[in-house]
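Morning, everyone. Let's take a few minutes with one structure. Have a look first, then we'll talk.

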Amino acid sequence: MKKTLYRPKSDRLSRLLFQLKIFRYEFVESRPVVYVGESGFAVGAPRNRGYSIKGQKYYASKDWHARGRINAIGAITNFKLLNVCLFDANINADVFYAWLTQELLPNIPDNPVIVIDNV
């Protein structure tokens, strides 16, 4: 018999209610659902592992002057990218608010439902 995996801290009822709300917004009320997320990318992250001939040592180089991280905030709706901005600084409340009011809100359809990751 195949094992069914689930997250131990997840609440199946809450998840189902969320999915029903999203369905109602999209298909009953015809409101666009806009998903917003933020992520960061390490520019100079070295690989900790590598390959070499058996019995020989693995050698690699690292650019010690590489920049740290690039952070991104983006939004999609209906499986289409609406907006993405890259930042060479940490994303804090001020940066997020500026992106939201200056980049996202002027460019999304009327009467949207905005779903923000990890809020």
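Which residues are exposed on the other side of helix 2? They are Asp94, Tyr97 and Gln102. Before going on, please remember that this is a predicted model.

Now turn to the buried residues. Helix 2 covers residues 93-104, and its buried residues are Trp99, Leu100 and Leu104. Look down the helix axis: these buried residues fall within an arc of 95°, so they line one face of helix 2. What do they pack against? The buried residues of helix 2 pack against strand 1 (33-42), strand 2 (69-77) and strand 3 (80-87).

Next, the start of the helix. Asparagine 92 caps the N-terminal end of helix 2. One of its side-chain oxygens lies 3.1 Å from the backbone nitrogen of aspartate 94.

On to the core. The largest nonpolar core has ten residues in all. Among them are Val34, Val36, Ile73, Phe87 and Trp99. Strand 1, strand 2, strand 3 and helix 2 each give two or more residues to this core. Which element gives the most? Helix 2 does, with three residues.

Let's zoom in on one core member, valine 34. Leaving out residues up to four places away in sequence, valine 34 touches Ala75, Leu82, Leu104, Ile108 and Pro112, among others. Its contacts also include Val113, Ile114 and Val115.

Conventions:
Residues numbered from 1 in each chain as written. Predicted model: local features only at pLDDT ≥ 70, side-chain atom pairs only at ≥ 80, totals over all residues. Heavy atoms only, no water. Buried < 20%, exposed > 50% of the residue type's maximum accessible area, 1.4 Å probe, protein only. Helix = DSSP H or I, 4+ residues; strand = E, 2+ residues; numbered from the N terminus. Arc of directions from axis to C-beta. Contact = heavy atoms within 4.5 Å. Polar contact = N/O pair within 3.5 Å; in protein donor to acceptor, adjacent residues only side chain to side chain. Core = buried A, V, L, I, M, F, W, Y, C linked by side-chain atoms within 4.5 Å.
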